[in-house]
Amino acid sequence: MNYRQDKYGNKLSALGFGCMRFPMKAGRTDMAETEKEILYAVENGCGICIFICSKNYSVLLRPSIIPSITA
């Protein structure tokens, strides 16, 4: 795992989870599969410290779902 130190001395993972291409089903984001992917990354020590989201990625998936999945 690669880490970087921010200006405050915090050790942060250099790895982010890109949220551009989640599985699709019937032309929409497959929420069940998306949830599995996100939870796997969080629960299995993959070192994810940031979810990279953008409104421009998809009108079918909003960044606001990430906290509801990981809560």
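Reader: In which element is threonine 34 found?

Author: Threonine 34 sits in helix 1; helices (H or I, at least four residues) and strands (E, at least two) are DSSP runs, numbered from the N terminus. This is a predicted model, in which local features need pLDDT of at least 70 and side-chain atom pairs count only at pLDDT 80 or more, while totals for chains, interfaces and linings use all residues. Residues are numbered from 1 along each chain as its sequence is written, and side-chain values use heavy atoms, with hydrogens and water left out.

Reader: What pattern does the protein follow along the sequence?

Author: The order is β-β-β-β-β-α-β-α, with 2 helices and 6 strands.

Reader: Is threonine 34 buried or exposed?

Author: Buried means under 20% relative accessible area, exposed over 50%, and partly exposed in between (1.4 Å probe, protein chains only). Threonine 34 is buried, at 0%. In the protein, buried residues make up 20% of the 71 residues.

Reader: Which residues of helix 1 are buried, and why do they line one face?

Author: An α-helix has 3.6 residues a turn, so residues three or four places apart point the same way. In helix 1 the buried residues are Thr34, Ile38 and Ala41. Seen down the axis, these buried residues fall within an arc of 60°, so they line one face of the helix; the arc is that of the directions from the helix axis to the C-beta atoms. On the other side of helix 1, the exposed residues are Lys36, Tyr40 and Glu43.

Reader: What span should helix 1 have?

Author: The expected span of a helix is 1.5 Å times one less than its number of residues. For the 13 residues of helix 1 that gives 18 Å, and the end C-alpha atoms are 18 Å apart, which agrees.

Reader: Which residue caps the N-terminal end of helix 1?

Author: A polar contact is a pair of N or O atoms within 3.5 Å; within protein, one must be able to donate a hydrogen and the other to accept it, and residues adjacent in sequence count only if both atoms are side-chain atoms. Aspartate 30 is the cap, with a side-chain oxygen 3.2 Å from the backbone nitrogen of alanine 32. The backbone oxygen of aspartate 30 also lies 2.9 Å from a polar atom of the threonine 34 side chain.

Reader: Which side chains meet in a salt bridge?

Author: A salt bridge is a side-chain nitrogen of Lys or Arg within 4 Å of a carboxyl oxygen of Asp or Glu. The structure holds 1, between glutamate 33 and lysine 36, at 3.1 Å from N to O. Glutamate 33 is partly exposed at 32%, whereas lysine 36 is exposed at 54%.

Reader: What is proline 23 in contact with, beyond its neighbours within four places in sequence?

Author: Contact means heavy atoms within 4.5 Å. Proline 23, in the loop between strand 3 (17-18) and strand 4, is in contact with Arg28, Thr29, Asp30, Glu33, Thr34 and Glu37. Proline 23 is partly exposed, at 22%.

Reader: Where is alanine 26 found, and what is its phi?

Author: Most residues other than glycine have a negative phi, and most peptide bonds are trans. Alanine 26 has a positive phi, near 55°, and is found in the loop between strand 4 (24-25) and strand 5 (28-29). Alanine 26 is exposed, at 82%. Just after helix 1, glycine 45 takes a positive phi of about 60°.
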